Amino acid sequence: MSGAVGREVARVDGREKVTGTARYSGEFALPDLAYAQIVGARVASGRVTSIDTTAAEEAGGVAAILTRSDLPRVARVPLVPSLLGAPAPGETFFPMQDDVVHYAGQPVAIVVADSLEQAQHVAALVQVEYAETPSVTVIEQGRADAYEPEKIFGGFMPAQLRRGNLEEGFSAADVHVNTTFRFSPNHHNALEPLTTTAVWEGDRLTLYDSCQGIKAVQLTVAALLGLSPSKVRVLTRFVGGAFGSKAMVWPHVTLAALAARHVRRPVRLTVTREQMFTSCGHREEQEQQVRLGARRDGTLTAIRHHKISVTSPFDDWAEPAFGAASQVYASPAFEGVHRLVRGNTMTPTFTRGPGESAGMFSLECAMDELACELGIDPVELRMRNLTDVDPNTGHPWSSGGLAECLRRGAQRFGWDGRDPRPGVRREGNQLIGTGMAVAAYPVAFFMRTQRARARLYPDCTAVVSTAAQEFGTGMTTVLTQVAADGLGIDLEDVRLDYGDTDMPTAGSPVGSNGAMMVSAAVHDAAIAVRDQMTAAAVGDPRSPLHGADPAGITVTGGRMSVADGTGETYGDLMERQMMNDAEAVGSWDPPPLDTPHGLLTFGAQFAEVAVDADLGLVRVRRMTAAFAPGRVLNPMTARSQLMGGMLWGMSQALLEGTRMDTGLGRWANASLGDYLVPVNADAPDIEIELIEVDDQVTGPLGVKGVGEIGQVGSGGAIANAVHHATGHRVRELPISAEHLLAHLPVPDA
């Protein structure tokens, strides 16, 4: 064994990225390439009455201007609870099939020109007239007509959850907390916008697409166009950020393919930064009500968690507010209900920490209020309500670690000795506060069979291939580590090939499951090749290992040996047996969805903030967290992911919020000039501790994933710290100076 797994290994894709040789979907040079630009609807509801392309056609350099009359009918593809083995459209609606406008920004025409600049110019010249009708774009406009769906989250989850007797639970409580939290919509702004390059060769389509799952793209586009998946090839090695925005397959991908088929030349479609707000879903506007009942000793007796949010006209989509929030504490009674408002927006989608970042925020802020009401330390209150089983099912956790995260996080942060009184600590003009929150995120098993191929050569080098892609998480690095350990060769002797649907199938690495699931297939392939070689050595009379027990053979640096050191290299064996290579395809099937275990990754987060006593501006000074993500394949990349999540949680808490112009039915701040995100100067000191826990359920390597849990507890810890600093509790995100100004201490005269 090489011992690569568990080491802090620098990213294997780093050199390509920093030298600029890594090519993204919009960087492939193709002969006779044309550029497409979407013309989006300027109204939120109504019909297209006319499209005048006269001025656009006279601009020159135009290959085509496509409207609904130019496009064939596409198949209707439903949202299904799978991103592997079935298509995964971002919404069931497909544009430019009729004249109805469902949301602002909806594609109503496509311009194809000889250059990107010309396509953008010509798109601005297309004149579209509408018969506008009233729109519903925010909760208040549709609250009276809200409904309870059967399922949410693309069909993954039921919309209601109940356990125990809620009335009895609240009747048994000595103390009640009943509060409402409101969340602004959030939008994706990855460094690389949505980009698709489509190339037809006869009836075969090749797509270079910025996505999180090339298999999902292949299956979705094939289903929409009525093609066999064997006719569609998708190539994606590098993705410039995704975080859920590229998990589902949005209409622009298929529109690029249709445009390329129409003009009979390769077409590249890149959405503009403004169009990112209307092209790949969003975290929906939502309101969550949490009621807690507890005894005087802090023991929870009942939790009620209700949510209302805005979905599209055609899909029942909501982030699951009470997934982890229904599981982390041992309350005997729980009720969770989702209600939806049909609005004139596109279907919302996965956004980092989907559901849990808002749902756990609401629960953890309510728990902080309960701690204040009872006079119990917030960490101690959580400890008193921990459970060894999933309270929804009674099943034991596949692995735990939350208590240890709370203890270690509090110790590293210096929580002990904290003055619990709000608004008393001050440094000059800064009000200082500290807060904490529990983090939890589901371990998702909604993918099916994962595959990888390993091929070993006589020089003890190997090539491992799988249809995954690298979108910034470090997956290619940890897969290389897993392959090296499985084969027993050096890390630098493994080359990973990836990002091609012609390679063995791997699912979309979403829901923090990429490392867990794809690494299992790579591990299986590598072990299969290693077992082939040890079996061949044991059965070869000329081998020093002839007749040895295969279970007693270890492999290090490509040399097979037994305990006394006797052995030979792969190369010796392969040369003697005239083997050019050895190959195996590995596969892994995750446990069934009804596996008898509770499946959560746990963590605890702590934050210190400073609030300007005059201006109400909040600055996060430091953050500390402890996480228990199962086995850690690479501490360096794991900490990087967790740090990014924590910073995004800070951004969600203090900066990010999209505003709706209800008069126009359009997003009012659809640019990075107005939609606020953190910069380097906003980043506080961050300390992360990784607590490894043994998990025998999640796969052969015991990996649970870290991609999203970093965000989940971050916002709650910051909001609780703001309350501790000021004595005022803000129940709306993002927290702004306006929320605090009227509640800050009056300066001395």
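Analyst: Begin with the largest cavity: it has a lining of 15 residues, and P89, E91, F93, F94 and L224 lie nearest its centre. The model is predicted, so local features need pLDDT of at least 70 and side-chain atom pairs pLDDT 80 or more, while totals for chains, interfaces and linings use all residues. Numbering starts from 1 along each chain as its sequence is written, and side-chain values use heavy atoms, without hydrogens and water.

User: How is a cavity defined, and how many of 30 Å³ or more does the structure hold?

Analyst: On a 1 Å grid over the protein atoms alone, a cavity is a set of points where a 1.4 Å probe fits but cannot get out; a pocket is an open set with protein on both sides within 12 Å along at least five of seven lines, and lining residues have an atom within 4 Å of a point. Points are joined across faces, edges and corners, and a volume is the space filled by probe spheres set on them. The structure holds four cavities of 30 Å³ or more, and the largest has a volume of about 90 Å³. Helix 6 and helix 7 are the elements that give two or more residues to the lining of this largest cavity (helices, H or I, have at least four residues and strands, E, at least two, as DSSP runs numbered from the N terminus).

User: At what angle do helix 6 and helix 7 pack?

Analyst: Two packed helices are described by the angle between their axes and the distance between the axes. Helix 6 (residues 214-225) and helix 7 (residues 251-263) pack at an angle of about 60°, with axes 10 Å apart. That makes helix 6 oblique to helix 7. Axes are lines fitted to C-alpha atoms, for helices over the stretch in contact, with angles from 0 to 180 degrees between N-to-C directions; under 35 degrees is roughly parallel, over 145 roughly antiparallel, 65 to 115 roughly perpendicular, and the rest oblique. V217, V221, L224 and L225 in helix 6 meet V253, T254, A257 and L258 in helix 7 (contact means heavy atoms within 4.5 Å). These contact residues divide into seven nonpolar, one polar and no charged.

User: Which residues of the second largest pocket are the closest to its centre?

Analyst: This pocket has a volume of about 870 Å³. Of its 29 lining residues, N189, F243, R352, G644 and W648 are the closest to the centre. Helix 14 (residues 635-654) gives the most to the lining, with seven residues. The lining has 15 nonpolar, 10 polar and four charged residues.

User: What backbone feature does F243 have?

Analyst: F243 has a positive phi of about 60° although it is not a glycine. F243 lies in the loop between strand 13 (232-235) and helix 7. Another backbone feature is the peptide bond from L733 to P734, which is cis, with omega near 0°.

Conventions. Nonpolar A, V, L, I, M, F, W, Y, C, P; charged D, E, K, R; others polar.
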